[in-house]
Amino acid sequence: MIEIPSKLEGRQFDLYKLEQKLKPIGYSIGGGWDYDHGVFDYKIGEDEEGYQFLRLPFSPIDGQLDSRNCTVSLGRPFLLAHNFQGELDDHANSGNFAAAINQFSEPVDKDADFPNKYIDNGKRLVAELESILLSD
């Protein structure tokens, strides 16, 4: 994981409005959100070993993440790599039903070393986020 200091840290936004600005430019709310925190993910790259993401963490300061009118505070953006197993099928003998449910490999390393070739791109993306979100 590589943290990228940003002017966005500690800034507060309405979560719904934040989503409306970030989703059209490629961000999605990561699957690891909970009631007390969440992240926006932007997939930077993909190679033979896994995926690289820019993550923008947030936490609620007014309301709950699963309800309207929730205000969130942004955390420090960071770069994260997920490396996957070389084999595509972890459950080759489990049958069609299980295979349909378990079609994706689990990451071997959810916090793998981040490839240097994507770091500058991640910094540019944070600068773009600052421009978009702080321009109002």
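Q: What is the relative accessible area of R76?
A: A word on the model before the number: it's predicted, with local features needing pLDDT of at least 70 and side-chain atom pairs counting only at pLDDT 80 or more, while totals for chains, interfaces and linings use all residues. Residues are numbered from 1 along each chain as its sequence is written, and side-chain values use heavy atoms, leaving out hydrogens and water. On the scale used here, buried means under 20% relative accessible area, exposed means over 50%, and partly exposed is in between (1.4 Å probe, protein chains only). R76 lands in the partly exposed class, because its relative accessible area is 33%.

Q: How many salt bridges turn up in a search of the whole structure?
A: To count, a side-chain nitrogen of Lys or Arg has to be within 4 Å of a carboxyl oxygen of Asp or Glu. Searching the whole structure with that rule, the number of salt bridges is four.

Q: Which residue forms a salt bridge with R76 at 3.0 Å, and sits 67 residues away?
A: R76 is in the loop between β6 and β7 (78-84), and its partner is in the loop between β1 (2-3) and β2 (12-14), which makes this a link between distant parts of the chain. Strands here are DSSP runs of E, at least two residues long, and they're numbered from the N terminus.

Q: How far apart are the closest N and O atoms of D41 and R55?
A: D41 counts as buried because its relative accessibility is 8%, and R55 is buried too, at 17%. Their salt bridge has its closest N and O atoms at a separation of 2.6 Å.

Q: Which strands do D41 and R55 belong to?
A: D41 and R55 form a salt bridge. The two residues are 14 apart and link distant parts of the chain, with D41 in strand β4 and R55 in strand β5.

Q: In what sense do β4 and β5 pair?
A: Strands pair if DSSP finds at least two bridges between them. For β4 and β5 there are nine bridges, and the sense is antiparallel.

Q: Which residue of β5 is the bridge partner of G38?
A: β4 covers residues 38-47 and β5 covers residues 50-62. In β5, the partner of G38 is F58.

Q: Why is the F40 and F58 pair called tilted?
A: Rings of Phe, Tyr and Trp (its six-membered ring) pair if their centres lie within 6.5 Å; planes under 30 degrees apart are stacked, over 60 edge-to-face, and the rest tilted. The search of the whole structure finds three aromatic pairs. In this one the ring centres are 5.1 Å apart, and the pair is tilted because the angle between the planes is 45°.

Q: Which residue's ring has the charged end of R68 over it?
A: The rule for a charge over a ring is NZ of Lys or CZ of Arg within 6 Å of the ring centre and within 35 degrees of the ring normal. R68's charged end is 4.5 Å from the centre of the ring it sits over, and that ring belongs to Y16.

Methods: Helix = DSSP H or I, 4+ residues; strand = E, 2+ residues; numbered from the N terminus.
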